[in-house]
Protein chains: 2
Amino acid sequence: MVRLANNHISIDCVVLGFDGSNLRVLLVKRSGKDENGEYNDMKLPGSLIYQDEDLDEAAMRVLHELTGVKDVPLQQFKTFGSKDRTRNLRDIVWLERAQQAHVERIVTVAYFAIVKLDAAMQRLVNRESAEWVPVGEVGTLAFDHNLIIAEALKSVRREVENNRSILFDLLPKKFTASQLRTLAEIIHGKELDVRNFHKKISQMPYVVPLEERQKGVAHRAARYFKFDRKIYNTSR
Amino acid sequence: MVRLANNHISIDCVVLGFDGSNLRVLLVKRSGKDENGEYNDMKLPGSLIYQDEDLDEAAMRVLHELTGVKDVPLQQFKTFGSKDRTRNLRDIVWLERAQQAHVERIVTVAYFAIVKLDAAMQRLVNRESAEWVPVGEVGTLAFDHNLIIAEALKSVRREVENNRSILFDLLPKKFTASQLRTLAEIIHGKELDVRNFHKKISQMPYVVPLEERQKGVAHRAARYFKFDRKIYNTSR
């Protein structure tokens, strides 16, 4: 008879935040010992689910317990269940010590959220255990967490293509064309032509130019814009 | 210490097919005994995963084993893990008999595929165990399978909104405006105005009218159309 999988279920959270110039992902610190001695690396906030909680509840609990962050719109996007995802001995040793249980195979249900990384959000984070790392500077993470982040970014891209207003939720209330372009470039994963982008903005009636300009900058002060959700909702 | 979930992982497949007039879902037959005696009902094709297979592999295996259907583009869309999804005693009894194992909680990774329900696809189906049931005529299914079908339809709708060519994959090579409208109504879950729809078709350069008309019909013979993928790809 073929063996059924002796599974554990975990959830992992990819919380992405835009701080005005960088897209960052919330990671937790991990340390332990392996064949090469002590190590310090990072992983996504994630853990096994409890018997009496639903998946969405587990996601909110684990994120809050491990990072301090709460009340973010976590959304399930994909489940990762490759039998190779616990191939790395370091991960198994770390996990069995952390969970005090024998672990054979783990299927993880991944969630993402994308938030404005403002001062209030920064204050929520428990700096002892968690850190906002620029997406471009993430090293090799535990398990398949690099893959999970890559897939989360794909989901974010699809969301933004369906609903462009998500971009504006991530920006400050007053933003420059350059900030909007930087964010769009990060989300779409490619550089955008500056002149074409300005033309594009001028064709978005819901991106409203303000009289106000940047202050105290070395270069030519850029104009601020604001997002008008009412116009956006009626113009689609 | 809080109890970790003793989980089993299953996969469930929602295979939807359009036969030219109905959207049907592929279900498998289930029978057993409960407190009211013998029963016959239906469920989605699904089962627990094996230790040595990945999730996508399990989905293809289970679908083929239970229905005979293979080579359909199964796509993971959502994982269902409510602790209440095995609340129904009938489901637990059936499952423990089928799996010969004690089952506490099952998290299921759901897949969908949408296919053209033509003669070749009909021939694949093992009629002893499986059946194509019109989506509107599906009764109360095992576990939370009615919910899983509803969520699959939402995913299909999103897919079609992103890529309208999926609709045409489901239609016969030559189709009438009425067939296209029926399919669009089913996918979007609402009636569409006939005149507006004809106008809409005339604005789709990739829906090409043919000289040919329906034959042997009681009503006025409708014109056939064909889908031109080249025009579609260049016109978006």
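## Close-ups of a two-chain model

**The surroundings of A:S10.** Skip the neighbours within four places in sequence, and A:S10 is in contact with A:S47, A:L48, A:I49, A:I106, A:V107, A:T108 and A:V109; contact here means heavy atoms within 4.5 Å. A:S10 itself sits in strand β1 of chain A, which covers residues 7-18. Helices and strands are DSSP runs numbered from the N terminus (helices: H or I, at least four residues; strands: E, at least two). With a relative accessible area of 7%, A:S10 is buried. Buried means under 20% relative accessible area, exposed means over 50%, and partly exposed is in between (1.4 Å probe, protein chains only).

A word on reading these views: this is a predicted model, in which local features need pLDDT of at least 70 and side-chain atom pairs count only at pLDDT 80 or more, while totals for chains, interfaces and linings use all residues. Residues are numbered from 1 along each chain as its sequence is written, chains are lettered from A and ligands numbered from 1 in the order in which they are written, and side-chain values use heavy atoms, with hydrogens and water left out.

**Chain A as a whole.** The C-alpha atoms of chain A fill a box of roughly 70 × 40 × 30 Å along the principal axes. Of the 236 residues in chain A, 51% are buried. Take the contacts in chain A with a separation of 6 or more, and 68% of them join residues 24 or more positions apart.

What does A:L74 touch, leaving aside neighbours within four places in sequence? Its partners are A:C13, A:V15, A:A59, A:M60, A:L63, A:Y111, A:F112 and A:A113.

**A:S155 in helix α4 of chain A.** The helix runs through residues 145-162, and A:S155 lies in it. Is A:S155 buried or exposed? It's buried, at a relative accessible area of 7%. Not counting residues up to four places away in sequence, A:S155 touches A:F77 and A:F112.

**Helices α4 and α6 of chain B.** The axes of α4 (residues 145-162) and α6 (residues 177-188) come within 9 Å and cross at roughly 125°. That's why α4(B) and α6(B) count as oblique to each other. On the α4(B) side the contact is made by B:V156, B:R157, B:V160 and B:E161, and on the α6(B) side by B:I186, B:I187 and B:H188. Sort those contact residues and you get 4 nonpolar, 1 polar and 2 charged.

Axes are lines fitted to C-alpha atoms, for helices over the stretch in contact, and angles run from 0 to 180 degrees between N-to-C directions. Angles under 35 degrees count as roughly parallel, over 145 as roughly antiparallel, 65 to 115 as roughly perpendicular and the rest as oblique. Ala, Val, Leu, Ile, Met, Phe, Trp, Tyr, Cys and Pro count as nonpolar, Asp, Glu, Lys and Arg as charged, and the others, Gly among them, as polar.

**Helices α6 and α7 of chain B.** Here α6(B) meets α7 (residues 194-202), with axes that come within 11 Å and cross at roughly 105°. The two are therefore roughly perpendicular to each other. B:A177, B:L180, B:R181 and B:A184 in α6(B) meet B:V194, B:F197, B:H198 and B:I201 in α7(B). That contact divides into 6 nonpolar residues, 1 polar and 1 charged. Helix α7 of chain B also holds B:K200, which is partly exposed at 45% relative accessibility.

**A:D71 and its positive phi.** Phi of A:D71 is about 55°, a positive value, although A:D71 is not a glycine. Most residues other than glycine have a negative phi. A:D71 lies in the loop between α1 (55-67) and β5 (75-80) of chain A, and it's exposed, at 75% relative accessibility.

**How the two chains are related.** A rotation of 180° with 0.0 Å of shift along its axis superposes chain B on chain A, with an RMSD of 0.0 Å. Copies are superposed by least squares on the C-alpha atoms of residues with pLDDT of at least 70 in both. The relation is that of a two-fold axis. Since 100% of the interface residues of chain B are also interface residues in chain A, the copies meet through the same surface.
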